Amino acid sequence: MKVAIVKYNAGNICSVINAIKRMGIEPILTDDADELRAADKVIFPGQGEASSTMEYLKARGLDEVIKSLKQPVLGICIGMQLMCKHSEEGDTECLGIFDTEVKRFMPQRHEDKVPQMGWNTVYDTKSKLYEGFTQPEFVYFVHSYYVPLCEHTIATTDYIQPYSSSLHKDNFYATQFHPEKSGSVGERILKNFLEM
Amino acid sequence: MLAKRIIPCLDIKDGQTVKGTNFVNLRQAGDPIELGKAYSQQGADELVYLDITASHEGRKTFTQLVTRIAEEINIPFTVGGGINELSDVERLLNAGADKVSINSAALRRPELIDEIARNFGSQVIVVAIDAKCIDDTIHQNGDPMIDGTWRCFMNGGRLQTERDLFEWAKEANERGAGEILFTSMNHDGVKAGFADVALRRLADTLTIPVIASGGAGTREHFRDTFINGHSDAALAASVFHFGEIPIPELKQYLIGEGINVRL
């Protein structure tokens with residue numbers, strides 16, 4: 001199986017490469033349109049800031065490439081946020097795969113620290129990405145912006161309010177959390193994705 | 001709801017895990033990768049690897065170790081020790097660390113925090129603070145830590161500074177730290193509980209998570225630091241390394257005490 005990881009100016013991409021390698025697959029890291037289109041699975045990962053990463057993708061035509069992909073695509077963290085329509089972070093127009101807004105967490109109490117950093121549960125999970133899930137499971141999050149619940153929501157998490165911790169539309173899947181850092185639960189999600 | 005975190009800390013010297021008691025008397029405690037994997041399987045929420053080797057050669061070995069940890073461990077991990085400038089941070093993040101912990105370098109040059117935040121984001125910075133309550137007076141309730149004077153130390157607890165713990169933590173927060181890891185030198189190695197009064201004051205005033213360190217001896221100490229100390233996470237070394245408190249049992253106990261932890 002050919003797994004391509006989108007190469008762009010986001011941080012922490014090597015942790016996704018390592019996670020795929022642990023599953024016995026040698027992924028390729030590429031920003032080449034043909035290589036991305038030819039892959040069986042594409043992962044769009046990363047940590048970063050919306051406007052600078054979006055600018056980088058546009059400058060290389062990767063925005064159009066990602067939108068036009070037909071194989072299963074998995075966006076992770078900033079990857080998921082960039083797949084939405086618009087982000088409040090830097091007032092950024094994003095890819096628009098998911099017709100929804102990305103908003104900044106507004107703390108209500110002292111305990112509501114932003115970014116949310118640590119382990120929280122995903123519940124109401126649906127779609128093939130969560131095959132085998134029978135109860136809420138803990139996964140690892142690091143983020144300051146969130147996607148409200150919407151028609152594409154396939155997992156919900158509570159932090160300040162319930163929000164979308166995962167999205168799905170057609171061949172596009174996305175997680176706000178980091179499956180590559182979420183222990184055995186994260187591995188199961190990555191395995192489900194690779195088996196699609 | 002966000003879970004309270006349990007974090008084993010592994011001190012690394014020449015590629016091996018060691019643990020000091022009151023910062024001296026190092027004991028061997030195993031292979032860092034095997035230990036890290038075992039902790040991850042047992043349900044540790046994060047790992048901290050501290051490089052206590054000072055030499056240039058040792059630092060190279062540590063970077064190679066970080067690369068291997070990133071390849072093999074599937075939970076977040078922080079690395080620290082010997083980080084003096086931005087290029088050290090970049091080297092360790094590129095090797096695959098999720099976060100870096102800075103201590104003396106930040107006390108020497110606080111702008112380093114701003115620089116790391118600007119370049120890599122606040123989420124990668126843990127500001128570690130070693131502090132000691134320097135009051136001799138025993139207060140009425142017998143605990144000098146309650147409203148005592150806390151001073152920050154650098155160079156692994158060997159050099160006292162004029163910095164006040166609470167002021168420094170607040171400044172680090174404002175400069176862009178993502179978390180504060182506070183080690184009470186009074187409590188470290190004593191196994192009589194965390195510095196919960198000081199921790200509570202930190203947690204209630206800072207806008208970032210606080211990690212309690214120093215003093216874990218029993219399961220109850222972890223409960224106390226989450227409930228009384230308002231800590232977001234608790235770090236310990238020897239009680240985990242020598243199997244005194246198995247992590248699965250600790251977590252079951254904490255759940256029984258009504259604390260939200262990840263199982």
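Two strands count as paired if DSSP finds at least two bridges between them. Strands here (E, at least two residues) and helices (H or I, at least four residues) are DSSP runs, numbered from the N terminus. This is a predicted model, so local features need pLDDT of at least 70 and side-chain atom pairs count only at pLDDT 80 or more, while totals for chains, interfaces and linings use all residues. Residues are numbered from 1 along each chain as its sequence is written, and chains are lettered from A and ligands numbered from 1 in the order in which they are written.

**Chain A**

Start with the overall picture: chain A has six helices and 13 strands. Its radius of gyration (taken over C-alpha atoms) is 15 Å. The C-alpha trace spans about 50 × 35 × 30 Å along its principal axes. Of the 196 residues in chain A, 50% are buried, where buried means that 20 or more other C-beta atoms, placed from the backbone, lie within 10 Å of the residue's own.

Chain A also holds an open sheet of seven strands with mixed pairing, in the order E2-E1-E3-E4-E13-E12-E11. At the edges stand E2(A) (28-30) and E11(A), each with a single partner strand, so one side of each has no neighbour in the sheet. On average, neighbouring strands are turned by 25° against each other, direction ignored. Helix H1(A) packs on this sheet and touches E1(A), E2(A), E3(A) and E4(A). The direction of H1(A) makes about 170° with that of E1(A); for such angles, axes are lines fitted to C-alpha atoms, for helices over the stretch in contact, and the values run from 0 to 180 degrees between N-to-C directions.

**Paired strands in both chains**

| Strands | Sense | Bridges | Facing residues |
|---|---|---|---|
| E11(A) and E12(A) | antiparallel | six | A:Asp158 and A:Pro162 |
| E7(B) and E8(B) | antiparallel | four | B:Ala131 and B:Cys152 |
| E8(B) and E9(B) | antiparallel | three | B:Phe153 and B:Gln160 |

E8(B) and E9(B) form a hairpin with four residues between them. In that turn, B:Asn155 has a positive phi of about 55°.

**Inside chain B**

The largest nonpolar core has 137 residues; such a core is a set of buried Ala, Val, Leu, Ile, Met, Phe, Trp, Tyr and Cys residues joined through C-beta atoms within 7 Å. B:Val100, B:Val127 and B:Ile180 have the most contacts inside it, and strand E7(B) (125-133) brings the largest share, seven residues. Leaving aside neighbours within four places in sequence, B:Ile180 is in contact (C-beta atoms, placed from the backbone, within 7 Å) with residues including B:Val127, B:Ile129, B:Leu202 and B:Ile211.

Helix H7(B) (196-205) has buried residues too, among them B:Leu199, B:Leu202 and B:Ala203. The buried residues of H7(B) pack against E8(B), H6(B), E10(B), E11(B) and H8(B).

**Where the chains meet**

The contact takes 24 residues from chain A and 21 residues from chain B. H1(A) gives the most to the chain A side, with six residues. By class, that side has nine nonpolar, nine polar and six charged residues. Ala, Val, Leu, Ile, Met, Phe, Trp, Tyr, Cys and Pro count as nonpolar, Asp, Glu, Lys and Arg as charged, and the others, Gly among them, as polar.

Definitions and conventions: Contact = placed C-beta atoms within 7 Å. Buried ≥ 20, exposed ≤ 12 C-beta atoms within 10 Å, placed from the backbone. Rg over C-alpha atoms; globule rule 2.2 N^0.38 Å.
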